[in-house]
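Visitor: Hi, could you walk me through some side-chain contacts here?
Guide: Happy to, let's bring up the model.

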Amino acid sequence: MNRYERVGETLRHALNVLATVAPEWVLGIVDADWFERYSERIESFRLPKLKERDVWLLKVGLDGHHLLAQIDQAGSPLWLRQLPAVETLRRVWIQQFYLEGEQLSIRSTEDMPTNDGLIESPYDIEARSRTKRITYWTGYTVSLTETCDQETPNLIIDVETVPATKMDVDLTQTIHEKLAQRELLPKEHFMNAGYISAEDLVNAKENYNMEIVGPVLPDTSWQAEANEGFDLMHFTIDWQQQQVCCPQGNWTRSWSEQPNRHGQTIITVHFSRRYCDACPMRSDCTQARSGHGRSLNFLPEAQHLMLQKMREAQTTKEFQQRYAACAGVEGCLSQGVRAFGLRRSRYSGLAKTHLQHVMTAVAMNLARLWNWWQVLHDNKLNQIERSDLTGKS
């Protein structure tokens with residue numbers, strides 16, 4: 001839904017629920033023209049022209065504000081306020097409108113919540129919108145964990161369903177905890193790059209004696225991308241003294257640790273501008289204007305060392321051959337989407353959508369087991385036939 005459809009449908013949904021549970025009360029507070037405005041589903045082709053849509057949106061906002069005010073009046077039944085449709089109406093109106101005194105106004109796009117908090121539909125208030133490369137959708141994402149042993153069929157052993165705005169990397173620790181509870185942790189866990197962080201690499205090794213195998217994000221500094229100048233690899237870090245030495249032998253004097261927006265601890269150091277301004281290699285080190293020294297940001301020691309180790313390892317041919325096993329998960333997702341309807345949710349809400357995903361995984365496992373048994377059966381028949389032919393000859 002676009003913004004206009006979302007607002008209009010939220011009010012229409014609340015009115016339909018109220019008209020079902022309290023029809024006489026609704027008749028006493030709505031105007032005669034409300035039926036014409038909200039009796040049919042709000043869709044783009046029914047809306048006014050683009051230039052007139054904000055006027056229409058404000059009119060709907062005033063109607064919803066009036067409805068909520070009537071529900072909150074002392075004489076109205078208290079249980080009306082507890083209806084889920086009314087609570088959804090209230091939340092959407094807070095996100096879409098604001099009051100200045102007695103004046104209701106439309107919120108600007110910048111003043112609205114971010115995607116992880118914005119209600120996209122009154123019929124599924126947990127669904128969220130997301131864009132991934134060229135794909136846009138509203139709903140959820142699912143992460144599947146499957147076995148990849150060559151001697152056994154590949155079976156799905158964990159299913160995680162989350163709102164679409166939740167990042168893959170936020171699920172890694174949850175997946176490992178659930179696998180550990182069911183005693184299904186592997187010695188090696190092959191994962192896509194989106195699920196891997198330096199913190200997860202260290203935690204898996206320390207907490208589960210497990211190795212995560214997968215590509216980590218590369219160094220995005222201009223020096224590393226251009227493969228020239230001095231990137232972080234060219235600096236020497238003294239973790240005990242909390243100092244960093246540059247390739248020209250100059251040491252930092254500042255060292256600060258602060259969390260970033262993801263909650264990760266980031267260490268920041270600065271080199272004195274006195275050294276950097278006079279350095280003959282300045283153009284290979286920093287693009288900052290004169291009067292500013294080089295700054296570096298990096299992770300705590302264990303995470304930093306693990307990250308550097310992985311970045312070096314993933315450039316080798318041995319890593320590429322080893323990581324090739326992870327390609328199987330693309331086949332798993334393709335099977336789920338094309339043969340089992342994994343991408344289309346038949347239900348509303350996170351809990352029911354997750355149940356659908358679990359049942360889909362069960363069906364996929366049954367199909368895989370059946371195919372595996374069929375192969376074993378056919379191989380056994382072939383062996384018997386070859387044995388019979390050998391005996392006759």
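Visitor: How many disulfides does the structure hold?
Guide: Zero disulfides, where a disulfide is a pair of cysteine sulfur atoms within 2.5 Å. A word on sources: this is a predicted model, where local features need pLDDT of at least 70 and side-chain atom pairs count only at pLDDT 80 or more, while totals for chains, interfaces and linings use all residues. Residues are numbered from 1 along each chain as its sequence is written, and side-chain values use heavy atoms, leaving out hydrogens and water.

Visitor: Is Cys332 buried or exposed?
Guide: Buried, at 0% relative accessibility. Here buried means under 20% relative accessible area, exposed means over 50%, and partly exposed is in between, with a 1.4 Å probe and protein chains only. Cys246 also counts as buried, at 13%.

Visitor: Switching topic: how many aromatic pairs are there?
Guide: The count comes to seven. Rings of Phe, Tyr and Trp (its six-membered ring) pair if their centres lie within 6.5 Å; planes under 30 degrees apart are stacked, over 60 edge-to-face, and the rest tilted.
One of them is Trp239 with Phe298, edge-to-face at 5.8 Å centre to centre and 85° between the planes.

Visitor: Where do Trp239 and Phe298 lie?
Guide: Trp239 is in the loop between strand S8 (236-238) and strand S9 (243-245), and Phe298 is in strand S12 (residues 295-298), so the pair ties together parts 59 residues apart in sequence. Strands (E, at least two residues) are DSSP runs, numbered from the N terminus.

Visitor: How do the rings of Trp255 and Phe298 pair?
Guide: Edge-to-face, with centres 5.6 Å apart and planes at 75°. Trp255 lies in the loop between S9 and strand S10 (256-259), so its pair with Phe298 in S12 links parts that are 43 residues apart in sequence. Trp239, Trp255 and Phe298 form one aromatic cluster.

Visitor: Last one: which ring does the charged end of Arg274 sit over?
Guide: That of Tyr275, 4.6 Å from its centre. The rule asks for NZ of Lys or CZ of Arg within 6 Å of the ring centre and within 35 degrees of the ring normal. Arg53 also lies over the face of Tyr4, at 5.9 Å from the ring centre.

Definitions and conventions. Helix = DSSP H or I, 4+ residues; strand = E, 2+ residues; numbered from the N terminus.
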